[in-house]
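I opened this notebook to record what I looked up on pockets and aromatic contacts.

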Amino acid sequence: QWDVESGNPLPNIQGHTDWVRAIAFRPDSAARNSAIANHTTLASGSDDQTIRLWNFVTGDCIRILKGYANLIYALAFTHHDRILASGEENWGIQLWDVTEGQRILTFEDSANRVRSVAFSPNDTLLASGSEDQMVRIWDVMTGMCEKTLEEHTHQVFAVAFSHQGDRMASGASDRRISIWDTKAWELRRTLRGHTDRIRTVA
């Protein structure tokens, strides 16, 4: 943790027993009426095959989500609800109701690692990037894959929607960022310039 105004480090949050590969803040609007959390809730995913929910101010662990058999690589909260998506090493994506601590849906991606997940601004779609070089677009209500985007030539480490939801970016080990039109799911632009793999976009 860091104080962004002073640049000084704050006490670490500890509890996982292996590497932490993903973190995500719960949006303010989702947490105001929650019995288990407030707007300082942080989720973390680890190689210890658990997700932990933390009070970011106190460092206390609020809840542990268990049931994974693989490493957890990616996390994303919906914007206006209590749903958390996680991408894992094999066999896809899990959706969790963090208030109840219950797994509610599984998206079966492939036998490849799911490296990134991101919800659209209206929370109806979920994008995922995988080691099989694909970006997949999922219907959040049904768990069905609506579209597969096959532009990258190496594993996809990052996906992110624009705030308006009309564009989506994906970044990969092929050193390219692809910008997609989300209405037609057509490639609009390719950004080049990095000399190594792209691990995150926003």
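**Pockets**

I looked up the largest pocket and found a volume of about 860 Å³. The model is predicted: local features need pLDDT of at least 70 and side-chain atom pairs pLDDT 80 or more, while totals for chains, interfaces and linings use all residues. Residues are numbered from 1 along each chain as its sequence is written, and side-chain values use heavy atoms, without hydrogens and water.

I noted that 28 residues line the largest pocket, with Val-117, Ala-118, Val-159, Ala-160 and Val-201 closest to its centre. A pocket here is an open set of points on a 1 Å grid where a 1.4 Å probe fits, with protein on both sides within 12 Å along at least five of seven lines; lining residues have an atom within 4 Å of a point. A volume is the space filled by probe spheres set on the points, which are joined across faces, edges and corners.

**Aromatic pairs**

I found 2 aromatic pairs in the structure. Rings of Phe, Tyr and Trp (its six-membered ring) pair if their centres lie within 6.5 Å; planes under 30 degrees apart count as stacked, over 60 as edge-to-face and the rest as tilted. The Phe-25 and Phe-56 rings have centres 4.9 Å apart and planes at 80°, so this pair is edge-to-face. I then recorded Phe-107 and Trp-138 as stacked, at 5.2 Å centre to centre and 20° between the planes.

**Charges over rings**

I saw the charged end of Arg-115 over the ring of Tyr-73, 4.4 Å from its centre. The criterion is NZ of Lys or CZ of Arg within 6 Å of the ring centre and within 35 degrees of the ring normal. Arg-199 lies over the face of Phe-157, 4.6 Å from the ring centre.
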